[in-house]
Each structure stands twice: as C-alpha cells, then as structure tokens.
Amino acid sequence: MTRAETKERNRRALLDAAFQVVSRDGYRARLDEIAERAGLTTGAVYSLFGSKNDLVVALVADHLRPHYEEIEQAVPAELDLLGAVDVFARYYRRTCDAPDARSVLSLQITLLDMAVHDQGLADRLATSIRAQEQQLTALFAGRSHPGGVVTAQQARRLVTALRALFVGLTQGVGLGLAPGADEQYFADTARALVSGMSLVGPDADAP
C-alpha cells in the first residue's frame, strides 16, 4: 500500500472504532480503547485528527455526508417542494429500520451528552452539522411552492425545522414512544409543517 492508502485505511479504522466506542460511552470514551479497536496507537489519533474532539467532529461529518448524499439521490429534481418533502420524510422513516439504527440513535444521544459537558465541542459540532446541511438547503432551494419559488434563505429555514422534526420522530420510533409513526405519518407531518410555514416574507438573499 502507498503511504496515502495506509493513512486513509488507518483513518477509516479509527472512525469505525470511534463510532462503536463513542456511541456507547459518550464523553467518557477513551482514546486508548478507540485506538486499540482500530489496531493502532493513540499516537495515530493525534497524528490523523489532532485530539479526541477533532475525532468526534470528523465522526459526525463522516456519518452525515453519505446520509445526505443518499437523500439527494432519493429525491427527484422535478418534484415541487411538497413532493420533495414527502419523499424526504419517507426516506428518513426508513432509516429507523436500518440495521444500524440503534447504534445511530445511541450516537445521537451521546453526542448531545458530550455537547452539554463541553461547550467548545458543542460549537464545533453545530458548525460541522450546519456545513453538512448545506446539501439539504440546495436540495429544496429552487423548487416551486404556492407563492413562488423557494429561495436559499427559505430553504435553510425549512431544513432547520425538518431536521428538528425528524430527529425527534426518529428518536421516538427508536425508543418505542411513537408506535404509529410509519412512513405515511412522517410524510403527513412533514407536509403539514411545510404547508403551515410562511415561506413568503423578508429574505436575506434578496437584494
């Protein structure tokens, strides 16, 4: 293997190990255990990521990037806003039945716990998540909606609301608190949210 290939292999191994350990232990996750699971030393963590917080931020980006890419592929470009939100909602509900759904739920909850204990990490996670969500903003911007076409600013507001809705619903499904929340429920709830939002008004993107 080339040096670059070895570096990428080690990076991948550390991210996979971090997913397992951080999902279980949260802010108590130990770098030595993460490194051991990856078959590496803690020196490799510092060399490749810099610190435990840097590793956690990279872990979140590594988890979200393919998730958002799959959403982009699942939502046809020709749909109007309500149609796109419907497909998006149904996709999100199917993730609740994925083989790793419980591990992802555990990671979400432990990341919140870590953020509560470390404001610096909380700020960095928020910045990383907002950057990843630009893909969703682009997914909804430009789609037709009663009253006009969705602007980038309006799409950002919508993404914030939809993310909060779906995170809450998926956690409810995973914890057994939303037994009737099937695909249709997710879609109906998301469409109701969009229909009730005011997408017409002051727009920061307007000249």
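Trace the protein chain from the N terminus: its elements run α-α-α-α-α-α-α-α-β-β-α-α. That comes to 10 helices and two strands. Helices (H or I, at least four residues) and strands (E, at least two) are DSSP runs, numbered from the N terminus.

This is a predicted model, in which local features need pLDDT of at least 70 and side-chain atom pairs count only at pLDDT 80 or more, while totals for chains, interfaces and linings use all residues. Residues are numbered from 1 along each chain as its sequence is written, and side-chain values use heavy atoms, with hydrogens and water left out.

**Whole chain**

Zoom out. The C-alpha atoms fill a box of roughly 55 × 45 × 35 Å along the principal axes. Of the 207 residues, 42% count as buried. Buried means under 20% relative accessible area, exposed over 50%, and partly exposed in between (1.4 Å probe, protein chains only). Now turn to contacts, meaning heavy atoms within 4.5 Å. Among contacts with a separation of 6 or more, 70% link residues 24 or more positions apart.

**Stop 1: helix α6**

Select residues 101-117. This is helix α6, with 17 residues. From first C-alpha to last it reaches 25 Å, close to the 24 Å expected at 1.5 Å a residue. The expected span is 1.5 Å times one less than the number of residues.

Which residues of α6 are buried? Show side chains for A101, V104, L105, L107, T110, L111, M114 and A115. These buried residues pack against α1 (3-25), α4 (52-74), α5, α7 (119-132) and α9.

**Stop 2: the largest pocket**

The volume is about 1100 Å³.

Both pockets and cavities are found on a 1 Å grid over the protein atoms alone. A pocket is an open set of points with protein on both sides within 12 Å along at least five of seven lines; a cavity is a set of points where a 1.4 Å probe fits but cannot get out. Lining residues have an atom within 4 Å of a point. Grid points are joined across faces, edges and corners, and a volume is the space filled by probe spheres set on the points.

Colour by element: α1, α4, α5, α6, α7 and α9 each supply at least two residues of the pocket lining. Then colour by class. The lining has 24 nonpolar, eight polar and nine charged residues. Ala, Val, Leu, Ile, Met, Phe, Trp, Tyr, Cys and Pro count as nonpolar, Asp, Glu, Lys and Arg as charged, and the others, Gly among them, as polar.

**Stop 3: the cavity**

How many cavities of 30 Å³ or more are there? The count comes to one. The largest cavity holds about 50 Å³ of space. Select its lining: Y68, F88, Y92, E133, L136, V159, L162 and R163. Six are nonpolar, none polar and two charged. The most come from α9, with three.

**Stop 4: salt bridges**

A salt bridge is a side-chain nitrogen of Lys or Arg within 4 Å of a carboxyl oxygen of Asp or Glu. The whole structure has 14.

Select E33. It pairs with R24, the closest N and O atoms being 2.8 Å apart. E33 also meets R30, at 3.9 Å from N to O. E33 is buried, at 15% relative accessible area. R24 is partly exposed at 43%, and R30 is partly exposed at 45%.

Next, select E183 and R94. Their closest N and O atoms are 3.4 Å apart, in a salt bridge. E183 sits in helix α10 (183-196) and R94 in helix α5 (81-95), so the pair ties together parts 89 residues apart in sequence. Both count as partly exposed, E183 at 28% and R94 at 42%.

Salt bridges with shared partners join R24, D25, R30, D32, E33 and R37 into one network.

**Stop 5: A35**

Finish at A35, in helix α2 (residues 31-37). Is A35 buried or exposed? A35 is buried, with a relative accessible area of 1%. Beyond its neighbours within four places in sequence, A35 contacts L14, L40, T41, T42 and V45.
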